Amino acid sequence: MMSMKRYLALSILALLAVGGGCISTTVVEPADSVVDDIDSSDIYFDDAVDVVTADVYGKDLTIVERYPASVRSYYSSNDYETDVTYQTTDDMEAVRTYFNSALTAAGWANSEEATDYMEYLKGDDANPEIMTVYFTSYDDQAIVEYELVYEPALTAEQLQELENEDADF
């Protein structure tokens, strides 16, 4: 005959084996009243952009002209990429069409596209130049912001640097 301790231990092991090792019960009592005094003006949405009316510091890319009637709102550049952002009050689809036409005419191949960006490649398949155009629409402000990110083909030294960094991991 099996002892009570052994029976209890085997029962616990059997429960654990079938997933019953952790059982919890929570009782939720219904609320007596619901407070609904929140006004939509009390809710803050961070879906806004600081609208600029004149070009900020920086320079335009020479690879493709900016969309007409747009204002430069951001500029950054280093050895690996140049990032320039612009704002316009025109429709996002008009901006997309403009850059698709301009980049294709300049010999860039569209490699990837989604609703919020388009990516183009040019040059050597193993080490291409990359141009990405990102789009954000701020409908409440009637502003479309587009960002041009240009990544030049890497030099032999830059490629070696990246290989060395990868080897360190």
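## Aromatic cluster and ring pairs

Tyr67, Tyr86, Tyr98, Phe99 and Tyr146 are linked into a cluster by ring pairs, a pair being two rings of Phe, Tyr or Trp (for Trp the six-membered ring) whose centres lie within 6.5 Å, with planes under 30 degrees apart counted as stacked, over 60 as edge-to-face and the rest as tilted. The model is predicted, so that local features need pLDDT of at least 70 and side-chain atom pairs count only at pLDDT 80 or more, whereas totals for chains, interfaces and linings use all residues. Residues are numbered from 1 along each chain as its sequence is written, and side-chain values use heavy atoms, with hydrogens and water left out.

Eight aromatic pairs are found in a search of the whole structure. One of them is stacked, because the ring centres of Tyr86 and Tyr146 are 5.1 Å apart and their planes stand at 20 degrees. This pair links distant parts of the chain, with Tyr86 in strand β2 and Tyr146 in strand β6, 60 residues apart; strands here are DSSP runs of E with at least two residues, helices are runs of H or I with at least four, and both are numbered from the N terminus. Trp108 and Tyr150 form an edge-to-face pair, at 6.3 Å centre to centre and 85 degrees between the planes. Trp108 lies in the loop between α2 and β3 (109-114) and Tyr150 in strand β6, 42 residues apart, and both residues are buried.

Six strands form an open sheet in the order β1-β2-β6-β5-β4-β3, with antiparallel pairing, where two strands pair if DSSP finds at least two bridges between them. The edge strands, β1 (71-77) and β3, each pair on one side only. Between β4 and β5, which run antiparallel, there are six bridges, and Tyr117 has Tyr134 in β5 as its bridge partner.

Leaving aside neighbours within four places in sequence, Met131 is in contact (heavy atoms within 4.5 Å) with residues including Leu61, Leu103, Trp108, Leu148 and Tyr150.

Thr82 lies in strand β2 and is buried, with a relative accessible area of 13%. Its side chain joins that of Ser77 through a polar contact of 3.0 Å, a term for a pair of N or O atoms within 3.5 Å in which, within protein, one must be able to donate a hydrogen and the other to accept it, and for which residues adjacent in sequence count only if both atoms are side-chain atoms.

Asp90 is found in the loop between β2 (82-88) and α2 (92-105) and counts as partly exposed because its relative accessibility is 29%. Not counting residues up to four places away in sequence, Asp90 touches Tyr67, Pro68 and Val144, and the side chains of Asp90 and Tyr67 make a polar contact of 2.7 Å.

Key. Buried means under 20% relative accessible area, exposed over 50%, partly exposed in between (1.4 Å probe, protein chains only).
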